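Please read this report slowly, with the sequence and the three-dimensional view side by side.

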Amino acid sequence: MAIKVLFVCLGNICRSPTAHGVFQKLLNDAGLHDEIQVDSAGTGDWHIGRSPDQRSQAAALSRQYDLSSLRARQVCKADFQTFDYILAMDECNLADLQAMRTHQAKCELALFLTYAKHTARREVPDPYYGGEQGFDEVLDLVEDAAEGLLHHICAHHGLGNGAAL
Ligand code: 4NP
């Protein structure tokens, strides 16, 4: 059975779709898209059904990540049964997820930047109300953590090979 990863932010139109697109490309490039499946969601419901923010799409596309097919959805209780890893972009997202989590849920729930190797930051800052630079900063942090996450999953689940990663 595939290992399932869910990225969560507030609106599911900036940070978590960016993480979704970046991690999906890593999986595709490593030939691991059948073994590891990825999705994203928001704790809020304002943007359900919408495409990622145009600024996130533009910043991602400049690094060869295509987010255009993604659509926002809200995280739900069933996600805690479906996903093996649920990764929050900031402390507020994490607290909201912890409040939703049922006792039996055995998925790993953590801050996404736990897996970043090149920063001491714990949170991916919300770029929504800021300038263009915030979207590039999101990409820098997300790329770092996505690489660390893929290594972690491969090491813990016996996937991939050194050459591919
Ligand atoms: P995200 O950014 O959580 O990274 O998708 C936001 C998007 C929308 C809003 C806040 C944050 N909003 O308030 O509508």
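Q64 is exposed, with a relative accessible area of 58%, where buried means under 20% relative accessible area, exposed over 50%, and partly exposed in between, using a 1.4 Å probe and protein chains only. This residue belongs to the loop between helix 2 (54–61) and helix 3 (79–82); helices (H or I, at least four residues) and strands (E, at least two) are DSSP runs, numbered from the N terminus. The phi of Q64 is near 75 degrees, a positive value in a residue other than glycine.

N12 also is not a glycine and has a positive phi, of about 60 degrees. N12 is found in the loop between strand 1 (3–9) and helix 1, and N12 is buried, with a relative accessible area of 2%. As background, most residues other than glycine have a negative phi.

## How the model is to be read

This is a predicted model, in which local features need pLDDT of at least 70 and side-chain atom pairs count only at pLDDT 80 or more, while totals for chains, interfaces and linings use all residues. Residues are numbered from 1 along each chain as its sequence is written, and side-chain values use heavy atoms, with hydrogens and water left out.

## The sheet and the helices across it

An open sheet is formed by 4 strands in the order 2-1-3-4, and the pairing is parallel; two strands pair if DSSP finds at least two bridges between them. Strand 2 and strand 4 stand at the edges with a single partner strand each, so one side of each has no neighbour in the sheet. On average, and ignoring direction, neighbouring strands of this sheet are turned by 20 degrees against each other. Strand 3 and strand 4, which run parallel, are joined by 4 bridges, and A88 stands opposite L111 in strand 4.

Helix 1 lies across strand 1 and strand 2 and runs at about 170 degrees to strand 2. Such angles run from 0 to 180 degrees between N-to-C directions, and the axes are lines fitted to C-alpha atoms, for helices over the stretch in contact. Helix 5 lies across strand 1, strand 2, strand 3 and strand 4, running at about 150 degrees to strand 1.

## The nonpolar cores

A nonpolar core is a set of buried Ala, Val, Leu, Ile, Met, Phe, Trp, Tyr and Cys residues joined through side-chain atoms within 4.5 Å. The largest such core has 41 residues, and those with the most contacts inside it are F7, F23 and F112. Strand 1, helix 1, strand 2 (36–42), helix 2, strand 3 (85–88) and helix 5 each supply at least two residues of this core, and the largest share, 11 residues, comes from helix 5.

What does F112 touch, leaving aside its neighbours within four places in sequence? Its contacts (heavy atoms within 4.5 Å) include F7, A19, L87, V142 and L149. A second, separate core of 14 residues includes V8, A41, I86 and A88.

## Salt bridges

A salt bridge is a side-chain nitrogen of Lys or Arg within 4 Å of a carboxyl oxygen of Asp or Glu, and by this rule the count comes to 11. One of them joins K25 and D29, at 3.0 Å from N to O. These residues are 4 apart in helix 1 (residues 15–30), so about one helical turn separates them; K25 is partly exposed at 30% relative accessible area, whereas D29 counts as exposed at 56%. Another salt bridge, also given as 3.0 Å from N to O, joins D79 and R73, where D79 is buried at 5% and R73 is partly exposed at 22%.

E137 forms a salt bridge with R121, the closest N and O atoms being 2.7 Å apart. Because E137 lies in helix 5 (residues 132–157) and R121 in the loop between strand 4 (108–111) and helix 5, the pair ties together parts that are 16 residues apart in sequence. Salt bridges that share partners also join R63, D136, D140 and E143 into one network.

## Cysteines

How many disulfides does a search of the whole structure find? The search finds 0, a disulfide being a pair of cysteine sulfur atoms within 2.5 Å. For C92, which is in no disulfide, the nearest cysteine sulfur is that of C9, 11 Å away. C154 is likewise in no disulfide, and the nearest cysteine sulfur, that of C107, is 20 Å away; C154 counts as buried at 6% relative accessibility.
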